[in-house]
Amino acid sequence: QLNQYPRVLIEALLASEDTRFWWHPGVDPIGTGRALLANLVGGRVLEGGSTLTQQLARSLYPEQVGQGETLARKWRELLVALQLEARYSKQDLLLSYLNRVFLGSGWGFEDASRHLFGKPAARLELAEAALLVGLLPSPNGYDPCFDPQAALAARNQVLAKIADSGRISADLARSARRQPIQLA
C-alpha cells in the first residue's frame, strides 16, 4: 500500500526525480526538453530527462528497453513507459517504484530504510528520506557507509529541491540539513 510510505519520502522523491509525475502521461515533455537542451549546450550527457515511469520501465523490462544511452533505447523506454501509464494507475506505478528501485542495499525504500536506519520506511524522518532519495543517481557512489560526505551532499541537494518546490519550508530544510547522518 502506498500509505505505508511516509509523505516526506514521497515528496522528496517527486521533488527530486519527477516534479510533474501526477500530470504527465509517462513522459514529461518539459523535463525531456530541459535535459536535451542542457546536454546539447554542455556537449555531453549532464542531465537525464527520465520520469519515474521511464525509470520503472528500465527496471521492469530491461530486455525490451535495452542498455546504454542511445536514442533507440530512449525511444523503447518511452514506449514502455506509455504502455505502463495506460495499464496502471499513478498510485500503482509510484508504489511499484518505491518497492523496486535499487538503492544499493537491497531493492526498494523499505529494504534500504531497514538496512541503513534499522527501521521501517513508514518511520522515516525528512533527513532520512532525503538521504535515501539522494542515493538514486548513484547508490554505490553516495553510499553513506563508504562515502558519508558524498551522501551528505546528495541528501542536502534533495532537501534543497524539496524546499525549492515549495513542498517544505526553507526553515524545515535548513533544520534537516543540520542533522548529521545517523545510521543503524
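Biologist: Before we start, what should I know about the model?

Modeller: It is predicted, so local features need pLDDT of at least 70 and side-chain atom pairs count only at pLDDT 80 or more, while totals for chains, interfaces and linings use all residues. Residues are numbered from 1 along each chain as its sequence is written, and side-chain values use heavy atoms, with hydrogens and water left out.

Biologist: How many salt bridges does the structure hold?

Modeller: A salt bridge is a side-chain nitrogen of Lys or Arg within 4 Å of a carboxyl oxygen of Asp or Glu. The structure holds ten. One of them joins E11 and R167, at 2.6 Å from N to O. That pair links distant parts of the chain, 156 residues apart: E11 is in helix α1, and R167 is in the loop between α9 (148-164) and α10 (170-178). Helices here are DSSP runs (H or I, at least four residues), numbered from the N terminus.

Biologist: Is E11 buried or partly exposed?

Modeller: Buried means under 20% relative accessible area, exposed over 50%, and partly exposed in between (1.4 Å probe, protein chains only). E11 counts as buried because its relative accessibility is 17%, whereas R167, with 28%, is partly exposed.

Biologist: Which residues of α7 are buried?

Modeller: They are G108, F109, A112, S113, L116 and F117.

Technical notes:
Helices (H or I, at least four residues) and strands (E, at least two) are DSSP runs, numbered from the N terminus.
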